[in-house]
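Dear colleague,

I am passing on the structure we spoke about, and below it I have set out what was found in it. Please keep it open beside you while you read.

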Amino acid sequence: MLTSMSARQVHTATFLFTDIVNSTQRWEADAEAMGAALASHDALMAEIVAAAGGDLFKHTGDGILAMFPSAASAVAAAVAAQRRLELPVRMGLDSGEAESRDGDWFGPVLNRASRVMSAAHGGQVLVTPTVVALASRTDTLDLGLHRLRGLAEPVRLLQVCGDGLHRDFPPPRTPSDRPGNLPTTTAVLVGRDQAVVEVTTMLAAAPVVTLIGPGGVGKTVLAQRIADTVADEFPDGAWLVELAPVRDPSSVPHVVATTMGALGREAVSPTEALTAFLTDRCALVVLDNCEHVLDAAAEVAEALLARSPRSRIVATSREGLAIAGEQLWPVPTLAVDDGESAAVALFVERARTVRPDFELDDAGRVAVVEICRELDGLALAIELAAARMVSMNPQEVKARLDQRFRLLSGRSRGVAHHQTLEQTVSWSYDLLDEAERRLLDRCSVFADGFELDAAVAVGGDGELDTFDVLDLLDSLVRKSLLTVDRSHEHTRYRMLETIRQYAADRLERDGSSAAVHARHVAWFAAQARRWWERWSSPEQGRAIAWAEREFADLRAAFRWAADHDELAEAVTIAAHTTMIAFPALVLESVGWAREVVDRATDAQLPELPRLLTAASVCTLTGSPRDGRDLARRAQEVASAPGADPFHPAWMAFWELAALRYAGPLERWLEITDEMLTRDGLEQAVGLGAVNAIYPAIGRAEAARALVDQGLAAATATNIPFLVAFAYGGYGRALADVDPQRALETMRRAVEEGRLHGNRYQVSTSERDIAGLEAALGEPDRALELFDNSIEFYRRMGNRASVTTSLGKVAVVFTGLGRFDEAATMYGISVPCGVAILADLPDTLDQLRSVLGQVAFDRCVATGSAMEFEAGMQWARHAIARARAELAAAQARPDS
């Protein structure tokens, strides 16, 4: 059985690795027949592994990896397979501890089993003494101690014998028996298993595979592992040619020929000697670090393949060789999804090489995830950070990553340009021409990617036109200093944060940082104005998407402008970002607006009314009284002669929102009555407000008389936010007389909101649907939706809307007889504003009657005293308890 060995869920198991011998040559001979044979092989192995109680958890293209709970079953499966397989398959087994994670297995035992398999011949099964000890009745032949590639100590190999198995084989294939110069390494390759499978499969068809990516991503170690994996497929050897030390491109042929032992006494050029040496041979050549001698490396590769078509080349470079038959394989940075990701696993593995007792507690794991994320999953940077564990903890490293180039300066004796993070980036940077460096430096001001037009405006500085910039971006992408994101409407270019910081430092050094930042600010201020105009149209969804997509750069632009006396641009960015993004409940920029309100007021800036309006959105973030005052000030300033022509409807909208939570309700009614007498946008906003709130203040019949007019007025504005808002109010007005139609219109509001990125309306209408379902006798489903809305509002910072959710839960809890919890739930809502609900006043009267005034006040005070986050946690736990008890009650036989 699998036995848990530690908190890390390590298990003892036996692993079987298989591989078809000489598959590359077989594919060339008859690809169709080989494909059929491979399919038959895979099916047979799956059948045999399953019959033995194993888990076939991975295919490698030419073989499989399988886990067995016992060594005896693993050996039995290997023997059964060799008796039935038609292809020459080599097999290796080892037993030991491994970690199971996400359907895969990890641990040194897998590396040992792979190396044992590599020593076997086709038709042979090799095992370690550990397997024999655990499968005591196994008949074996002791082949002695052998050094295996990637293992520090010799391993005793034993050949499994039995009826139907061949007995006579050559000595095990060990590194000393193979031509070539691949280094023996004991390093664990983390997070690249699938990459090895994909590239080795690709090599079957492509004569050249070039691993491309930024410096430090792990191209070299991956290339070496790939070469080591397929070395047996190349009878004339696997050769590693290190080009990093080569400074003169004309020396490349000589270095390759010397490495492979191809130079003779004949007076011929190195290229001629190399091609003569490889004619009609089958070798694998790894050309490592080609980027600085790219043309020379490409010429050697072409010459080699012209005379040796059965050979294969694996190259590593920042960019491709651009030769016929080349297949590019971009090496991605390591995934940083969570505490179990490949990047974190690499950090832990490398940390244990300098501190064997290294373990992660919860706080340390969180810090390591953040370290790996801030380092973009870049393997070298993660390894250098992990090396600091000899004298630091993860939290200390994380706190110093703003000085990453000083912090991540290792003392490795490896290749010079990989000894520190700064040297690695400098190696790539120094290979750029002046125009490429200048554009890269300028684009470092972008915080989170950019599009072509932004690069032209900010990086071109009037010196370069669109096509000039496009050519430079294309070159920087090819050289792995920019990445491309095609998931949006327009192509976006991104820099790894490490590269961005390096380029930003160069920009600061050359004295042009302030000018480039000013262009960045001007660009985003202009774009914010442009997208606000499009927000008030059917293009609203695109405007919201723009604000979310560019939010990091809007933040950076605002911050720079606010800190460098560019007040007008700071106001423009803060005001328009807030007004565009609030339907998506992206509310951070509300704080920007509030930050500069006083300075903008003193300066009497023209855009002050829209800034005050944006600042009044603080109603949603939990300050409705401030929101009310700011919205009033906006209207007062806007009424002055020559003021900014900001539409009064939006200023009124946010005063109404604030009054809805802070009161007085009389002022709310006064404003809406006035707006209903207007036309156009103001009337549409007024109708939307009354249809949403009238049902909660005893005026549902009046609301029903206005819903059709309200929907028509909203539709006429062509503003999607108001259309969705009108559908939501329509549903509320019908809730107590036509629940089914109310549900339909509420769901239409949700659809409209989702279509245009309007999370505000989606969450509001889903909460209304929950309240209606509770009234229709589905309290569990209602509580589930309320719980979702509370967590969503908490996460988005929308404290105002939380009050309504909590009030509705208090109503449901009262109906379930959970009186103390209902009163406490209401108390939690009080600091964020007044919850206006039709049935809440009666609910509160009932709670006072049942609990008594003293107990009711005590419960409300308890809820009101909670900090916001603690209150949200308490509310969600209370909902979970109520749902659990409802489920238990329904499960009882007498229910």
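Against which helices do the buried residues of α9 pack? Before I answer, please keep in mind that this is a predicted model. The buried residues of α9 pack against α8 (252-259) and α10 (294-307). Helix α9 itself covers residues 270-278, and within this helix Ala273, Leu274, Thr275 and Leu278 are buried. Just after α9 comes Asp280, which takes a positive phi of about 65°.

On the side of α17 the contact is made by Ala435, Glu436, Leu439 and Leu440, while α19 contributes Val469, Leu472, Leu473, Ser475 and Leu476.

The aromatic rings come next. A pair of aromatic rings is described by the distance of the centres and the angle of the planes. The count for this model comes to 27 aromatic pairs. In one of them, the rings of Phe15 and Phe57 have their centres 6.2 Å apart and their planes at 90°, so this pair is edge-to-face. Because Phe15 lies in strand β1 (residues 10-20) and Phe57 in strand β2 (residues 55-59), the pair ties together parts that are 42 residues apart in sequence. Phe15 is buried, with a relative accessible area of 0%, and Phe57, at 13% relative accessibility, counts as buried too.

Phe15 also pairs with Trp105: the ring centres are 5.6 Å apart and the planes stand at 70°, so this pair is edge-to-face. Since Trp105 lies in strand β5 (residues 104-106) and Phe15 in strand β1, the pair ties together parts that are 90 residues apart in sequence. Both Phe15 and Trp105 are buried.

Elsewhere, ring pairs link Trp532, Trp535, Phe582, Phe646, Trp650, Phe653, Trp654, Phe721, Phe725 and Tyr760 into a cluster. Finally, charges sit over rings at two places that you can look up: the charged end of Arg534 sits over the ring of Trp531, 4.2 Å from its centre, and the charged end of Arg660 sits over the ring of Tyr661, 4.3 Å from its centre.

Conventions: Residues numbered from 1 in each chain as written. Predicted model: local features only at pLDDT ≥ 70, side-chain atom pairs only at ≥ 80, totals over all residues. Heavy atoms only, no water. Phe/Tyr/Trp six-rings, centres within 6.5 Å; stacked < 30°, edge-to-face > 60°. Helix = DSSP H or I, 4+ residues; strand = E, 2+ residues; numbered from the N terminus. Buried < 20%, exposed > 50% of the residue type's maximum accessible area, 1.4 Å probe, protein only. Lys NZ or Arg CZ within 6 Å of the ring centre and 35° of its normal. Contact = heavy atoms within 4.5 Å.
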